[in-house]
Amino acid sequence: MQRTEDGRGSIGPGEDEEALAIARQDFGITADRALPLPGDVDRNFLLIGADGRTPAAVLKVFTSRRGRAPLEQQRDLFDALSSEAPDIAPLLPVMLRQAPGDDPIRAVNFAGAPLDAALYRYLP
């Protein structure tokens, strides 16, 4: 992924629309815009809420294709830290769930490839 002068990532044609569709269809999040964020390998998007201003979440599409196990380990680590250290929980990039007990990692189709994706809490 290339970076623009303001540090944001650049994306391929239509990837922002794909990100919005994934957010809506797979995670139930309606966003107004999907702004690309920097990433060395994965595709990251800041989802802007329906009001056009408020960050709703960060969508991360895992293009590194390392498999699901590292994603599950990351999910479990941040969940455990959030539970055991509630003072730092608001500072952690936890994966967002639609309902308690839901798996926050979803299999999606992005840029013509089957990949995994997750929504993360936005951290300013």
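These are my notebook entries on one predicted chain and what I looked up in it.

**Ground rules**

I'm working with a predicted model, where local features need pLDDT of at least 70 and side-chain atom pairs count only at pLDDT 80 or more, while totals for chains, interfaces and linings use all residues. Residues are numbered from 1 along each chain as its sequence is written, and side-chain values use heavy atoms, with hydrogens and water left out.

**Overall layout**

I started with the secondary structure, which comes to two helices and five strands. Here helices (H or I, at least four residues) and strands (E, at least two) are DSSP runs, numbered from the N terminus. Reading from the N terminus, I get the order α-β-β-β-α-β-β.

Next I looked at overall size. The C-alpha trace spans about 40 × 30 × 30 Å along its principal axes. The radius of gyration is 14 Å, which agrees with the value near 14 Å for a compact globule of 124 residues. That radius is taken over C-alpha atoms, and the globule rule is 2.2 Å times the number of residues to the power 0.38.

Then I checked burial: 38% of the 124 residues count as buried. Buried means under 20% relative accessible area, exposed over 50%, and partly exposed in between (1.4 Å probe, protein chains only). The accessible surface of the chain is about 7,100 Å², and 51% of that belongs to carbon and sulfur atoms. Areas come from the Shrake-Rupley method with a 1.4 Å probe; for residues, only the protein chains shown count as cover.

I also looked at contacts, meaning heavy atoms within 4.5 Å. Among those between residues at least 6 apart in sequence, 51% join residues at least 24 apart.

**Nonpolar cores**

Which residues touch the most other members of the largest nonpolar core? Leu 47 and Leu 59 do, out of 18 residues in that core. A core here is a set of buried Ala, Val, Leu, Ile, Met, Phe, Trp, Tyr and Cys residues joined through side-chain atoms within 4.5 Å. I find at least two core residues from each of α1 (15-27), β2 (43-48), β3, β4 and β5. Helix α1 gives the largest share, five residues.

I then listed the contacts of Leu 47, leaving aside neighbours within four places in sequence; among them are Leu 20, Ala 23, Ile 29, Thr 54, Leu 59 and Leu 119. Apart from this core I find another, of 10 residues, including Leu 37, Leu 46, Phe 62 and Met 95.

**Salt bridges**

I count nine salt bridges, each a side-chain nitrogen of Lys or Arg within 4 Å of a carboxyl oxygen of Asp or Glu.

Asp 116 counts as buried because its relative accessibility is 17%. Through shared partners, salt bridges join Arg 68, Glu 72, Arg 75, Asp 76, Asp 103 and Asp 116 into one network.

Is Arg 75 buried or exposed? Arg 75 is buried, at 14% relative accessible area. Arg 75 lies in helix α2 and touches Met 95, Arg 97, Asp 103, Pro 104 and Ile 105, not counting residues up to four places away in sequence.

I also noted the bridge between Arg 33 and Asp 32, with the closest N and O atoms 3.8 Å apart. Arg 33 is partly exposed at 35%, and so is Asp 32 at 41%.

Last, I looked at the loop between α2 (69-84) and β4 (106-110), where I find Leu 91. Leu 91 is exposed because its relative accessible area is 64%. With Leu 77, Leu 81 and Ile 88, Leu 91 makes a nonpolar surface patch of about 360 Å². Patches are made of residues with over 30% relative accessible area and no salt bridge: like charges are joined within 9 Å, nonpolar side chains (Val, Leu, Ile, Met, Phe, Trp, Tyr) within 5 Å.

Pro 90 lies in that loop too. Leaving aside neighbours within four places in sequence, Pro 90 is in contact with Arg 121 and Leu 123. Pro 90 and Lys 60 are 30 residues apart in sequence and 19 Å apart in space, C-alpha to C-alpha.
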